[in-house]
Amino acid sequence: MMNEAHVHLVVNHLPMVGVLFGFLVLISGYIIKNRQVRNTALGIFVFSALTSIAAFYTGEGAEEVVGNIPGVSETLLHDHEEYAGLFFTTILILGGVSLATLFLEYRKSVFTKYALSLVILLAIISMMISKYVGTSGGEIRHSEIRYDADVIQFDKDDDRDDN
């Protein structure tokens, strides 16, 4: 049986990878001038927004599980939670604007090109924030990727040199 931390680890990658993949598909659709490819990207953004709901709401339970593990920093948990909240908000907006853009595309609206420009902007912002969400989440249990990892390693090497 999976605990909430395990469920969070399973679903949290979907929105982050989804927004990157959706952006690449969207740019490809622009390059090859294919409306169906662009619409596929919009669908990926909607899917990513939906998966972010699961990732966000399993985060609290994951925090309770890992918060009791020795060596887990409350500061790192807090930082991750802050970035996750910001990412959650931006990806939900991206998903909503993508859904609206699909509707505009279906209606063959003159506003579709403006909506697509907004989607690109929101996707770039979401990708930038997702980098911080992923890194801050990884830092909670992976000390080797923390900003102080080199210092920690250097200290260990110093101890060996003294012997």
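Author: Let us start with a term: buried means under 20% relative accessible area, exposed means over 50%, and partly exposed lies in between (1.4 Å probe, protein chains only). This is a predicted model, in which local features need pLDDT of at least 70 and side-chain atom pairs count only at pLDDT 80 or more, while totals for chains, interfaces and linings use all residues. Residues are numbered from 1 along each chain as its sequence is written, and side-chain values use heavy atoms, with hydrogens and water left out.

Reader: Thanks! What percentage of the 163 residues of the protein count as buried?

Author: Helices (H or I, at least four residues) and strands (E, at least two) are DSSP runs, numbered from the N terminus. The protein has six helices and zero strands. Of its 163 residues, the share that counts as buried is 38%.

Reader: Which residues is F45 in contact with, leaving aside neighbours within four places in sequence?

Author: Contact means heavy atoms within 4.5 Å. F45 is one of the residues that touch the most other members of the largest core. Leaving out neighbours within four places, its partners are V19, G22, F23, L26, L94, G95, S98, V119 and A123.

Reader: How far apart are the end C-alpha atoms of α2?

Author: Buried residues of α2 include P15, V19, F23 and L26, and their cover includes α1 (4–11), α3, α4 and α5. The expected span of a helix is 1.5 Å times one less than its number of residues. For the 19 residues of α2 that gives 27 Å, so the helix agrees with expectation, as its end C-alpha atoms are apart by 27 Å.

Reader: Which residue is E105's salt-bridge partner?

Author: A salt bridge is a side-chain nitrogen of Lys or Arg within 4 Å of a carboxyl oxygen of Asp or Glu, and the structure holds one. E105 is buried because its relative accessible area is 11%. With closest N and O atoms 3.4 Å apart, the partner of E105 is R35.

Reader: Is R35 buried or partly exposed?

Author: R35 is in helix α3 and E105 in helix α4, 70 residues apart, which links distant parts of the chain. R35 has 39% relative accessibility, so this residue counts as partly exposed.

Reader: Which element gives the most to the nonpolar patch?

Author: Patches are made of residues with over 30% relative accessible area and no salt bridge, with like charges joined within 9 Å and nonpolar side chains (Val, Leu, Ile, Met, Phe, Trp, Tyr) within 5 Å. Here L50, I53, F56, Y57 and L92 form one on the surface, with about 470 Å² of accessible area together (Shrake-Rupley method, 1.4 Å probe; for residues, only the protein chains shown count as cover). L92 is placed in helix α4. Four residues, the most from any element, come from α3.

Reader: What distance separates the C-alpha atoms of L102 and G43?

Author: L102 is found in helix α4 and touches N39, L42 and G43, not counting residues up to four places away in sequence. L102 and G43 are 59 residues apart along the chain, and their C-alpha atoms are separated by 8.1 Å.

Definitions and conventions. Core = buried A, V, L, I, M, F, W, Y, C linked by side-chain atoms within 4.5 Å.
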